[in-house]
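Biologist: Can you walk me through this one? I'd like to go over the ligand site, the domains and the helix packing.

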Amino acid sequence: MNDSVSNSSNTNLLARAQKVLPGGVNSNVRLAVRDRFIVRGSGPRVWDLEGNEYIDYLLGQGPNFLGHANPEILSAVNAAMQDGMLFGAQNPLEVEAAERVLDAIQWAEQLRFNVTGTEAAQAALRIARAHTGKGKYIRFQGHYHGWLDNVLTSTKLGFGSPISLGQPMSALSGCLVLPWNDLDAVSKAINADPDIAAIITEPMMVNSGAIVPDTGFLEGLREICTEEKIVLIFDEVITGFRLSRGGAAQRFGVSPDLATYGKAIAGGFPVAAIAGSEKLLHKVGTGEINHSGTFNGYAIGSAATIAAMKILGRPNIYANLETLGTTLMEGMNGLAVKHGAPLHIQGLPMAFHLSFGSDEKIRNYEDLVKQNEASYKRFVAVIRESNIWITDRGIWYLSMAHTQEDVKETLERFDNALSKMNFEL
Ligand code: PMP
């Protein structure tokens, strides 16, 4: 680290950052957590500039599923990078990476790599339009599929509406926003509009809450799409490799036509993929559907993907994670009772959501926004002081690197934070 940085405080460095980076950050998602600079991560922990250690449940927004600086990922990447980064030509590592990802997810025959989830979502929508000859797509309220003009939309139902300055209205004219977990709404929209090429969904809604699909919802989407010849796209950028080795498709037993992957695919390295049947991806291969990218399949990303897939294929990995996450969720619930906190926890042990308010099951975005967001934001500020690293949107991610000891310590810190919240008993 450069000396002028190592001698700095979080506050001083934020002032410097704000001079050269708009808002002091490089992604607007981070505007909410810009007050601390993380200088190091190892396993499930991170350290800030001032030497404070945190147990991390943000995990870089998901990618560090194997823990920070996982030694096997580092060693694979280190070995690969000695021979160069990328070549603008084929490299054997990208073939093995594709084989291993397809072996993990099982349902797909082919894939193309990208670097970000945003790009993979664009590829999926383009392939769906090319395949069906139709122009519009259905998506769901509160889901996220990247920051580009044609997918970044407000949570208003109906046709998509921009949320950023500079976003052209026309870009969202093909985007129809429906409530999630509502098959009737989907059927009605499709009956009313013959121009739907695709339905894209997070197969578990994790960008708002952590909402497992109602029984029959994904199956219903599958049925409607097959019947109406609409392309079903699972956006597995968060759920892929996190919910199970085969992602949400495996966990919930429903196969999409196309799926996008990212985040956890490469142990923290930027890699994404669009996967599907040979039939759907065929015209990508002939060049009729354009899919490009200088860094796609780059050697070190492919080496990281191979190493990640090897680790995720080991026995008991997911069973251990379930046990650990369940212990954490149950412990939090117990502490909420102790402190009279109106805490609601839902989701799965590897990705769950905390909110304060009603303890009724949250089924969709409308339910979620009834929870007390301000209380949770206040809680996040308090628990950060107890050295737990999370975002203020309620999601907690577990990694393969967390241990029972980390969970025990987390619960102690959680207890301490709740005691400072002064809930009415
Ligand atoms: N899809 C989903 C479900 C996501 O959660 C995200 C990112 N949070 C994206 C797509 C976009 O991925 P990226 O940030 O890598 O472009």
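**Ligand site, domains and helix pairs**

Modeller: Start with the ligand. By class, its shell has four nonpolar, eight polar and two charged residues. Keep in mind that this is a predicted model.

Biologist: How many residues surround the ligand, and which are the closest?

Modeller: The ligand is surrounded by 14 residues. Closest are Thr116, Gly117, Thr118, Gly146 and Val237.

Biologist: Which helix gives the largest share of the shell?

Modeller: Helix H5, residues 117-132. It supplies three residues of the shell around the ligand.

Biologist: Switching topic. What does the domain assignment give for the protein chain?

Modeller: Domain 1 covers 36-69 + 316-419, and domain 2 covers 71-312. Their centres, taken over C-alpha atoms, are 26 Å apart.

Biologist: And how many residues does each domain put into the contact?

Modeller: Domain 1 gives 24 residues and domain 2 gives 28 residues.

Biologist: Which elements give two or more residues to the domain 1 side?

Modeller: Helix H11 (317-339), strand S12 (343-348), strand S13 (351-356) and helix H12 (365-368).

Biologist: What's the class make-up of that side?

Modeller: Where domain 1 touches domain 2, its side has 14 nonpolar, eight polar and two charged residues.

Biologist: On to helices. At what angle do H4 and H10 pack?

Modeller: About 30°, with the axes 8 Å apart. H4 is residues 92-105 and H10 is residues 299-312.

Biologist: Is the crossing of H4 and H10 left-handed or right-handed?

Modeller: Left-handed.

Biologist: Which residues make the contact?

Modeller: From H4, Leu93, Glu94, Glu96, Ala97, Arg100, Val101 and Ala104. From H10, Ala299, Ser302, Ala303, Thr305, Ile306, Met309 and Leu312. By class, the contact of H4 with H10 has nine nonpolar, two polar and three charged residues.

Biologist: What about H6 and H7, how do their axes cross?

Modeller: The axes of H6 (residues 183-192) and H7 (residues 217-228) cross at roughly 15° and come within 10 Å. H6 is therefore roughly parallel to H7.

Biologist: In which hand does H6 pass H7?

Modeller: H6 passes H7 in a right-handed crossing. On the H6 side, the contact uses Leu183, Val186, Ser187 and Ile190. H7 answers with Phe217, Gly220, Leu221, Ile224 and Glu228.

Biologist: How do the residues of the contact of H6 with H7 divide by class?

Modeller: Six are nonpolar, two polar and one charged.

Biologist: Last pair. How do H13 and H14 pack?

Modeller: Helix H13 (residues 373-385) meets helix H14 (residues 404-419) at an angle of about 125°. Their axes are 9 Å apart.

Biologist: Why are H13 and H14 called oblique to each other?

Modeller: The angle is about 125°. Roughly perpendicular covers 65 to 115 degrees and roughly antiparallel starts over 145, so H13 and H14 count as oblique.

Biologist: And the hand and the contact residues?

Modeller: H13 passes H14 in a right-handed crossing. The contact has Phe379, Val382 and Ile383 on H13, and Arg413, Phe414 and Ala417 on H14. Five of the contact residues are nonpolar, none is polar and one is charged.

How values were computed. Residues numbered from 1 in each chain as written. Predicted model: local features only at pLDDT ≥ 70, side-chain atom pairs only at ≥ 80, totals over all residues. Axes fitted to C-alpha atoms, helices over the stretch in contact; angles between N-to-C directions. Helix = DSSP H or I, 4+ residues; strand = E, 2+ residues; numbered from the N terminus. Parallel < 35°, antiparallel > 145°, perpendicular 65-115°, else oblique. Left-handed = near helix turned anticlockwise from the far one by under 90°. Contact = placed C-beta atoms within 7 Å. Nonpolar A, V, L, I, M, F, W, Y, C, P; charged D, E, K, R; others polar. Near = placed C-beta within 6 Å. Domains from an automatic or database assignment.
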